[in-house]
Amino acid sequence: MKSTDLPAVPHQQGPLAEIFPAVTRRVGKDALGNGWTADEAARAQLLATATPGEITDLYRYGDTTEKLAILKALQLTDVEQAVGDQGLALIEDAIRTNDQRLLAAALGPYATRHLTGTAFRQAVLKCVFAGVPLAAVHGLPERADDELRRMMADFATERQAAGRTVPPDLQPYLDRPER
């Protein structure tokens, strides 16, 4: 999917660092019915023509809503091409946070394609610890390897030993036989 597949938004003039934060005031936050909001779609279209450095700076200095839009836009082919491998640093930053929204947004298709096995497994475990539903992790069923299942089983064993419940979305990965 490309940013041009999203509904067109009004064209804005000026430096990207000024336009990007003001997008919500201009286009609103209404849901578009396709999993995107108007402000996310507008920001994605702006990112498609940005340089990797501009995208990195927008993320670094953006508020949570802006960061969420950037992380979500990484799933778009033209935005992924615009940011290149520098998007991985954004994903890694979001994974280090304790904000469930950023963590879930970070683990989209871009992360599935670019994170190493070790980093992907650690991110999935972070989701489990943080209470982010595993359904938010793009490509998890395909990338769940024996090591990740072992890590999940260890987590479940620790939770049970402490008298705590095991998140139900972990169970399908505990029931799968090792490959």
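In this report, two residues are in contact, or touch, when heavy atoms of each lie within 4.5 Å. The structure is a predicted model, in which local features need pLDDT of at least 70, side-chain atom pairs count only at pLDDT 80 or more, and totals for chains, interfaces and linings use all residues. Residues are numbered from 1 along each chain as its sequence is written, and side-chain values use heavy atoms, with hydrogens and water left out.

## Helix pairs

Helices are DSSP runs (H or I, at least four residues), numbered from the N terminus. Their axes are lines fitted to C-alpha atoms over the stretch in contact, and angles between N-to-C directions run from 0 to 180 degrees. The table sets out two pairs.

| Helices | Axes come within | Crossing angle |
|---|---|---|
| H1 (residues 16-27) and H2 (residues 38-47) | 8 Å | roughly 155° |
| H3 (residues 52-61) and H6 (residues 87-96) | 10 Å | roughly 15° |

Angles under 35 degrees count as roughly parallel, over 145 as roughly antiparallel, 65 to 115 as roughly perpendicular and the rest as oblique. With axes crossing at roughly 155°, H1 is therefore roughly antiparallel to H2. A crossing is left-handed if the near helix is turned anticlockwise from the far one by less than a right angle, and right-handed if clockwise; H1 passes H2 in a right-handed crossing. On the H1 side, the contact involves Leu16, Ile19, Phe20, Pro21, Val23, Thr24 and Val27, which meet Ala38, Asp39, Ala42, Arg43, Leu46 and Leu47 of H2. These residues divide into 10 nonpolar, 1 polar and 2 charged. In this division, Ala, Val, Leu, Ile, Met, Phe, Trp, Tyr, Cys and Pro count as nonpolar, Asp, Glu, Lys and Arg as charged, and the others, Gly among them, as polar.

H3 and H6 are roughly parallel to each other, and H3 passes H6 in a left-handed crossing. Ile55, Thr56 and Tyr59 of H3 make the contact with Leu90, Asp93 and Ala94 of H6. This contact comprises 4 nonpolar residues, 1 polar and 1 charged.

## The nonpolar core

In soluble globular proteins, nonpolar side chains tend to be buried together. A residue is buried under 20% relative accessible area, exposed over 50% and partly exposed in between (1.4 Å probe, protein chains only). A nonpolar core is a set of buried Ala, Val, Leu, Ile, Met, Phe, Trp, Tyr and Cys residues joined through side-chain atoms within 4.5 Å. The largest one here has 55 residues, of which Leu71, Ile91, Leu107, Leu134 and Leu140 touch the most other members. Helix H9 (residues 117-130) contributes the largest share of this core, 6 residues. Beyond its neighbours within four places in sequence, Leu134 is in contact with Val124, Cys127, Val128, Leu140, Met152, Asp169, Leu170 and Tyr173.

## Individual residues

Thr24 lies in helix H1 and is partly exposed, with a relative accessible area of 24%. Not counting residues up to four places away in sequence, Thr24 touches Lys29, Asp39 and Arg43. Thr24 and Glu66 are 42 residues apart in sequence, and their C-alpha atoms are 9.5 Å apart in space.

Lys72 belongs to helix H4 (residues 64-73). This lysine counts as buried because its relative accessibility is 18%. Leaving aside neighbours within four places in sequence, Lys72 is in contact with Gly35, Trp36 and Glu40.

Arg143 is found in helix H10 (residues 140-143) and, at 22% relative accessibility, counts as partly exposed. Apart from residues up to four places away in sequence, Arg143 touches Ala111, Thr112, Leu115, Thr116, Gly117 and Phe120.

Methods
Helices (H or I, at least four residues) and strands (E, at least two) are DSSP runs, numbered from the N terminus.
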